[in-house]
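Please read them alongside the coordinates.

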Amino acid sequence: MIKIDFLIKNAKELLTLSSSVKDPSGLGLIQNGAIAVNEAGICWIGKTDELPGDLVLGPEGREIDATGKVVMPGLIDGHTHLVFGGSRENEFEQRIQGLSYLEIAERGGGILSTVEATRKASFEELFFLAKRRLDRFLSMGVTTIEAKSGYGLSLEDEIKILRVMKALQKDHPVEIVSTFLGAHTLPREFRGERRRYIDLVMQEMIPEVAREGLAQFCDVFCEEKAFTIDESRKILEAGKAYGLKPKIHADQLSPGGGAELAAEIGAYSADHLEYVSPKGIEQMAEKGVTAVLLPGATFFLSMKKYPPAREMIERGVGVALSTDLNPGSSMTESLPLMMTMGCLFFRMTPKEAIQAVTINAARSMGKAREIGSLEKGKEGDLVVFDIPNYKYLPYHFGVNHTEYVIKKGRIVFQRQKG
């Protein structure tokens with residue numbers, strides 16, 4: 001007899017995302033599927049009519065009948081800026097009136113306006129705002145996010161942001177993988193003293209982040225208006241020396257060799273990539289760097305340049321999709337909407353969009369052994385969508401289809417009936 005804590009059965013489509021389950025969809029699809037979870041994780045998966053008789057729900061166990069519904073791994077968002085103060089709806093209006101993102105920044109808006117608001121905000125205020133954002137992520141079927149700092153740009157305020165994330169992890173079911181992004185841009189008080197700020201990032205911020213165990217990754221905005229290739233390399237190498245794994249904002253606004261640097265440095269992901277070069281794609285494929293694409297930013301900034309997702313996929317690069325939640329260029333927590341945009345803007349298929357928010361997103365943050373697919377021994381992170389088939393998820397957009405969200409075998413969200 002095997003005691004289980006959670007059971008889903010009768011799923012019209014159970015998407016395992018496991019390579020061991022062969023089916024025409026390429027998603028490891030099991031018709032009329034069932035999955036059982038106990039304290040050790042997923043302990044059984046297969047067809048409902050093949051459920052073993054020795055699986056027994058514990059006294060507090062839960063069972064869900066998913067008849068007519070789609071069950072899949074909990075969604076994973078691999079690039080967010082979760083913790084920030086203020087908002088920038090005025091800039092949204094200015095862009096509608098014709099100003100560019102860079103023109104707004106030159107007038108005092110952009111990242112530095114959010115830095116100012118975040119510095120002024122208390123720990124408690126930032127915690128409250130970020131918790132509400134996590135609630136929205138959860139309601140959309142998201143069970144894990146990567147979250148970056150980068151709106152503090154001082155030792156005190158970068159640490160404050162990362163401590164908020166650490167506190168949220170104890171208070172909220174959505175798992176947070178934290179990234180230090182002190183090299184987001186140059187703060188106003190260091191204008192004309194970029195070398196001194198880079199030294200601050202490398203010699204004070206990174207050591208303190210590592211000492212407190214506040215982040216798993218170190219990121220840098222490698223761009224013409226932010227940090228050069230050489231500066232980015234030094235910062236990421238400094239992070240690696242303190243145990244912070246590298247990520248990189250690359251080739252978003254101009255071609256700059258960011259993808260090549262990601263391959264060279266052993267980055268887990270290169271993100272944005274609108275202007276990635278063919279050489280950068282080739283090197284990312286060789287080194288296993290995941291491309292995290294951010295269609296919300298492309299959409300919200302009315303950009304005409306899209307990352308070459310089809311070329312990346314065909315060349316063997318794993319592609320993930322993310323919201324890029326942030327107040328300036330992508331103010332959304334809807335990962336399913338990003339799937340629709342990925343299909344329409346980047347010509348990704350529904351299958352590829354699902355892979356992009358599950359197993360590929362897990363790889364982008366080094367967690368593919370624990371989450372991202374439904375396999376025996378993995379964590380029981382699942383979402384039940386009230387949809388007739390997996391292709392329907394990106395097709396019927398702007399609507400929340402989430403019925404249940406399960407984190408580590410526990411129901412953490414249930415849609416209210418009526």
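Is Arg194 buried, partly exposed or exposed? Arg194 has a relative accessible area of 30% and is partly exposed; buried means under 20% relative accessible area, exposed over 50%, and partly exposed in between, with a 1.4 Å probe and protein chains only.

1. Basis. This is a predicted model, in which local features need pLDDT of at least 70 and side-chain atom pairs count only at pLDDT 80 or more, while totals for chains, interfaces and linings use all residues. Residues are numbered from 1 along each chain as its sequence is written, and side-chain values use heavy atoms, with hydrogens and water left out.

2. Arg194 and its partner. Arg194 forms a salt bridge with Glu231, at 2.8 Å from N to O; the term stands for a side-chain nitrogen of Lys or Arg within 4 Å of a carboxyl oxygen of Asp or Glu. Glu231 belongs to helix α7 (residues 229–241) and Arg194 to helix α6, so this pair links parts that are 37 residues apart in sequence. Helices here are DSSP runs of H or I with at least four residues, numbered from the N terminus. Glu231 counts as buried, at 14% relative accessibility.

3. Other salt bridges. The whole structure holds 30 salt bridges. In one of them, Lys378 meets Glu375 at 3.6 Å, N to O; Lys378 is buried at 8% relative accessibility, whereas Glu375 is partly exposed at 27%. Shared partners join Glu175, Lys367, Glu370, Asp381 and Lys407 into one salt-bridge network. Between Lys367 and Glu370 the closest N and O atoms are 3.9 Å apart. Lys367 is buried at 13% relative accessibility, and Glu370 is partly exposed at 28%.

4. Nonpolar cores. A nonpolar core is a set of buried Ala, Val, Leu, Ile, Met, Phe, Trp, Tyr and Cys residues joined through side-chain atoms within 4.5 Å. The largest has 97 residues, and Leu82, Ile235 and Leu273 touch the most other members. Helix α6 (residues 194–212) gives the most to this core, namely eight residues. A second, separate core has 17 residues, among them Ile8, Leu14, Ile35 and Val71.

5. Leu82. Beyond four places in sequence, the contacts of Leu82 include Ala130, Leu134, Phe137, Leu168 and Leu325, contact meaning heavy atoms within 4.5 Å.

6. Helices α4 and α5. Two packed helices are described by the angle between their axes and the distance between the axes. Axes are lines fitted to C-alpha atoms, for helices over the stretch in contact, and angles run from 0 to 180 degrees between N-to-C directions. Helix α4 (residues 123–139) packs on helix α5 (residues 155–171) at about 50°, with the axes 10 Å apart. The two are therefore oblique; angles under 35 degrees count as roughly parallel, over 145 as roughly antiparallel, 65 to 115 as roughly perpendicular and the rest as oblique. Residues in the contact include Phe127 and Ala130 of α4 and Val164 and Leu168 of α5.

7. Helices α5 and α6. The axes of α5 and α6 come within 10 Å and cross at roughly 25°, so this pair is roughly parallel. The contact includes Leu162 and Arg163 of α5 and Met205 and Val209 of α6.

8. Gln203. Gln203 also lies in helix α6 and is exposed, with a relative accessible area of 57%. Its C-alpha atom is separated by 17 Å from that of Gly150, 53 residues apart along the chain.
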